[in-house]
Amino acid sequence: MDCNKLVEDRTPELEMEFNSEEDAYKFYNNYAFKTDFNVCKDYLNKDKDGVTTSRRYSYCKEGVKRKYEGDVMPKKTRAPTKTGCGTKMIIVLLREIMKYRVHDLILEHNHELHIA
């Protein structure tokens, strides 16, 4: 991806291309910082040569906390940290040009963001 476009347009879009997996992460992390949420490197697929073929970046509060299933309830319970938010960006490697392209993108949150 052209570095000038990264500076001008900070909103991820489908079909965006990046020169490396790290460039994609930096871009999405910068977007997340500007919109006040945190990004986690979620799953990763590699080929037999160790080259990353796809990667998912997701919101750190993705998913829901499992319910306690033991015999005795714990004395202290923590406040819920997971919101079930499905915000994510998935990139895949285009082998013909050896660049990463945004394959799947969800930018909507299911909760309010606390923008300072």
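Reply: The accessible surface of the protein comes to about 8,400 Å². Carbon and sulfur atoms hold 49% of that surface. Such areas come from the Shrake-Rupley method with a 1.4 Å probe, and for residues only the protein chains shown count as cover. The model is predicted: local features need pLDDT of at least 70, side-chain atom pairs count only at pLDDT 80 or more, and totals for chains, interfaces and linings use all residues. Residues are numbered from 1 along each chain as its sequence is written, and side-chain values use heavy atoms, with hydrogens and water left out.

Buried residues make up 28% of the 116 residues. Buried means under 20% relative accessible area, exposed over 50%, and partly exposed in between, with a 1.4 Å probe and protein chains only.

The protein has two helices and five strands. From the N terminus on, they run α-β-α-β-β-β-β. Helices (H or I, at least four residues) and strands (E, at least two) are DSSP runs, numbered from the N terminus.

Now the rings. The structure holds four aromatic pairs. Rings of Phe, Tyr and Trp (its six-membered ring) pair if their centres lie within 6.5 Å; planes under 30 degrees apart count as stacked, over 60 as edge-to-face and the rest as tilted.

Take Tyr-28 and Tyr-31. Their ring centres are 6.2 Å apart and their planes stand at 20°, so this pair is stacked. Both residues belong to helix H2 (residues 21–34). They sit three residues apart there, about one helical turn. Tyr-28 is buried, at 0% relative accessible area. Tyr-31 is buried too, at 12%.

Tyr-28 has another partner, Tyr-57. This pair is tilted, with 6.4 Å from centre to centre and 35° between the planes. Tyr-28 lies in helix H2 and Tyr-57 in strand S3 (residues 52–59), so the pair ties together parts 29 residues apart in sequence. Tyr-57 is buried, with 0% relative accessibility.

Tyr-25, Tyr-28, Tyr-31 and Tyr-57 form one aromatic cluster. A charge also comes in here: Lys-41 lies over the face of Tyr-25, at 4.4 Å from the ring centre. A charge sits over a ring if NZ of Lys or CZ of Arg is within 6 Å of the ring centre and within 35 degrees of the ring normal.
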